[in-house]
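Subject: Structure handover

Hello,

Here is the structure I said I would pass on. My notes come after it.

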Amino acid sequence: MKQKQALSSSELGTLWMTYQEKTMIQRMLEYFIEQADDNQAKEIMQNTHMKIINYIEDIKTIFKNEGAVIPVGFTEQDVNTGVPKLYDNMFDIMFLRLLQAISMGLHTLHLNMSYRKDIVLLYKELTEFTQSGYDECVDYLQENDVLLRPPAVTMPKSVEFVEGTNYMSGFNLFSEKRALNTVEVSHLYHAIESNIIGMQLITGFAQVANEPEVKKYFIKGKELAKKIVTDNTQLFLQSDIQPPSTWGANATDSKVAPFSDKLMMYCTSMFCSFGLGSSALGTAFSLRSDLPLKMVNEAKDILTYGREGGKLMAKNGWLEEPPQMQDRNALTK
């Protein structure tokens, strides 16, 4: 019988990352399920929670079979279910939708880093499960008129090609900038929409954080998200495009923490990584010359903020180390 291949370094690393993310989502859903007022929203979260627990157990089994230590991730100590609501007006499903969007990207990336058939199958299943959960969130939010669609556009009647370099101009003070194209609008809209949710999320985190230094960090993150929303909204208005907005998903006035500082810091770090990826895509596909520079500056701010968070997590003993490669220099001393 052919012996099963050992996990490669990339497979071990991606499984470790998946375990961290899924245990975080597990704990956050425990709180949101407890606080849910709407039965349909509660059912969506319960189904997601149950399946996530099953996948966590699958990953644990893989670690055990490979003789690898099971990561700590996030435990019951990182959530307090019996506290007042920190968010209202369907924030739970809007937040879950964004988590599913992040997960879809991660699972697709991890699938392409995997070679062993059982690991490939795991990420295929995770991708399908996450896509299905994302669709449920979108349907629910649209049924309740919370999730607005991107701006309408007149359908093109002919194919056009760029003539000259003026199409790419964005810095010329003596000529008008062209209107945004639909590709640019899609990336800017996504940045505004995700940062509106991020701003409300981190506002709640700032209200309930236990450590003063962590509270200060979250306040700084709220201001960064607000700046990104404001700057990108201004670009929309310059092209007479209606920016996205929603009447729901706000932080309440509660000051009682439902989550540990460790969990909230990790969640913020994950959103920073998501923001960096989105900025990179926007930079690559925007043709008006002012937009890539603007997105690069945004990415720089997000990267700086994320690094500060990493240092703060390390300082407080909250930064779990990924599995390490052998240090050959140390072994040969």
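Predicted model: local features only at pLDDT ≥ 70, side-chain atom pairs only at ≥ 80, totals over all residues.

Residues are numbered from 1 along each chain as its sequence is written, and side-chain values use heavy atoms, with hydrogens and water left out.

Helix α6

Helix names follow DSSP runs (H or I, at least four residues), numbered from the N terminus. Helix α6 covers residues 212-238, which is 27 residues. From first C-alpha to last it reaches 39 Å, close to the 39 Å expected at 1.5 Å a residue; the expected span is 1.5 Å times one less than the number of residues.

Buried residues (under 20% relative accessible area with a 1.4 Å probe, protein chains only; exposed is over 50%, partly exposed in between) in α6 include Val214, Tyr217, Phe218, Gly221, Leu224, Ala225 and Ile228. An α-helix has 3.6 residues a turn, so residues three or four places apart point the same way. The buried residues of α6 pack against α5 (182-208), α7 (261-285) and α8 (290-315). Just after α6, aspartate 240 has a positive phi of about 55 degrees.

Asparagine 232 belongs to helix α6 and is buried, at a relative accessible area of 1%. Its side chain makes a polar contact with the side chain of lysine 294 at 2.9 Å. A polar contact is a pair of N or O atoms within 3.5 Å; within protein, one must be able to donate a hydrogen and the other to accept it, and residues adjacent in sequence count only if both atoms are side-chain atoms. Not counting residues up to four places away in sequence, asparagine 232 touches Leu188, Ala191, Ile192, Lys294 and Glu298 (contact means heavy atoms within 4.5 Å).

Two other residues

Glutamate 21 lies in helix α1 and counts as buried because its relative accessibility is 2%. Its contacts, leaving aside neighbours within four places in sequence, are Leu99, Ser103, Leu106, His107, Tyr266 and Met270.

Aspartate 88 sits in the loop between α2 (39-65) and α3. It counts as partly exposed because its relative accessibility is 26%.

Cavity and pocket

The search ran on a 1 Å grid over the protein atoms alone: a cavity is a set of points where a 1.4 Å probe fits but cannot get out, a pocket is an open set with protein on both sides within 12 Å along at least five of seven lines, and lining residues have an atom within 4 Å of a point.

The structure holds two cavities of 30 Å³ or more. The second largest cavity has about 40 Å³ of space.

Regards

Terms used. Helix = DSSP H or I, 4+ residues; strand = E, 2+ residues; numbered from the N terminus. Points joined across faces, edges and corners; volume = space filled by probe spheres on them.
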